Amino acid sequence: MKSIALREIKSFFGSPIGYMVIALFLLLNGLFLWVFDGEYNLLQSGFADLSPFFTIAPWILLFLIPAVTMRSFSDEIKQGTIELLLTKPLSIWQVVNGKFIGAFLLIVMALVPTLVYVYVLYGLGMPEGNIDMGSTMGSYFGLLFLIGSYTSIGIFTSTLSENQIVAFLLSVLGCFIFYFGFEGLSTQVKGWEDVIALLGMNYHFKSMSRGVIDTRDVLYFISISFLFLSLTVFKLKSLKS
């Protein structure tokens with residue numbers, strides 16, 4: 001599993017993909033948070049608060065993570081190397097987890113430099129240090145779980161087609177439905193609003209962003225990741241047989 005993860009990371013940085021993902025993530029966030037006028041500009045908000053970052057980051061990642069995962073298995077299927085991969089002395093679960101960990105770590109690498117935002121806001125606070133660290137750290141923690149869920153969806157959709165563009169679009173659709181779709185649907189169904197909203201990632205991400213780590217939110221994200229990784233294993237077993 002470790003060898004698969006390392007191979008994935010090396011392949012990302014052996015081509016422009018890894019560098020482009022990190023640069024694009026930081027560039028888009030930087031422009032919205034520090035350059036463009038609007039409600040997301042931290043310097044114009046008047047508060048030492050990173051909530052604008054945690055509002056736009058899930059939407060940026062909704063497109064960037066599928067761009068990373070779209071080739072995970074679709075490329076293997078297209079090149080005909082999927083059979084060789086599945087005959088390695090590794091279980092299918094180990095192969096899937098290796099691919100998952102490789103993609104997950106790449107996105108985390110893109111996230112780490114944003115900790116500079118915390119340092120800057122800490123210094124800009126009036127008085128210095130006037131920033132809600134509990135909420136900020138809870139939001140970062142929630143973002144890690146959100147990245148894991150997005151990545152598992154992307155890994156699964158990459159098994160559905162040998163065409164990377166199709167895999168990308170399916171992944172974006174899946175991530176959108178789980179992040180915003182259920183919340184949007186909850187506003188249309190009377191009497192079941194809370195139940196339907198509970199199925200969406202946005203509800204649990206917002207809950208963690210308050211700075212209180214509830215085990216129900218953690219279990220939700222773990223369950224989503226496990227569900228889609230299990231579907232990936234099931235799909236690969238059908239390809240193997």
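In these legends, a residue is called buried when its relative accessible area is under 20%, exposed when that area is over 50%, and partly exposed in between (1.4 Å probe, protein chains only). The structure is a predicted model, in which local features need pLDDT of at least 70 and side-chain atom pairs count only at pLDDT 80 or more, while totals for chains, interfaces and linings use all residues. Residues are numbered from 1 along each chain as its sequence is written, and side-chain values use heavy atoms, with hydrogens and water left out.

**View 1. A network of salt bridges links R7, E8, E76 and K99.** A salt bridge is a side-chain nitrogen of Lys or Arg within 4 Å of a carboxyl oxygen of Asp or Glu, and a search of the whole structure finds 5 of them. E76 pairs with R7, their closest N and O atoms being 2.8 Å apart. This pair links distant parts of the chain, since E76 lies in helix α5 (residues 74-79) and R7 in helix α1 (residues 2-13), 69 residues apart. Helices are DSSP runs (H or I, at least four residues), numbered from the N terminus. E76 counts as buried because its relative accessible area is 11%, whereas R7, at 37%, counts as partly exposed. K99 forms a salt bridge with E8, with the closest N and O atoms 3.0 Å apart. K99 lies in helix α7 (residues 92-111) and E8 in helix α1, so this pair ties together parts that are 91 residues apart in sequence. Both K99 and E8 are buried.

**View 2. K206 and E183 meet in a salt bridge.** The distance from N to O is 3.9 Å.

**View 3. Helix α12 is mostly covered.** Of its 9 residues, 7 are buried, namely M201, N202, H204, F205, S207, M208 and S209. What covers these buried residues includes α4, α9, α10 and α13 (215-240), where contact means heavy atoms within 4.5 Å. After α12 comes G211, whose phi is positive, near 95°.

**View 4. The lining of the largest pocket has 17 residues.** Among these residues, S51, F54, T55, F205 and K206 lie nearest the centre of the pocket. The lining divides into 6 nonpolar, 7 polar and 4 charged residues; Ala, Val, Leu, Ile, Met, Phe, Trp, Tyr, Cys and Pro count as nonpolar, Asp, Glu, Lys and Arg as charged, and the others, Gly among them, as polar. A pocket here is an open set of points on a 1 Å grid over the protein atoms alone, where a 1.4 Å probe fits, with protein on both sides within 12 Å along at least five of seven lines, and its lining residues have an atom within 4 Å of a point.

**View 5. The largest nonpolar core has 51 residues.** A nonpolar core is a set of buried Ala, Val, Leu, Ile, Met, Phe, Trp, Tyr and Cys residues joined through side-chain atoms within 4.5 Å. The residues with the most contacts inside this core are L50, F53, L143, Y150 and M201. Its largest share, 10 residues, comes from α4. Leaving aside residues up to four places away in sequence, Y150 touches P58, L61, L62, I65, C175, Y179 and M201.

How values were computed: Helices (H or I, at least four residues) and strands (E, at least two) are DSSP runs, numbered from the N terminus.
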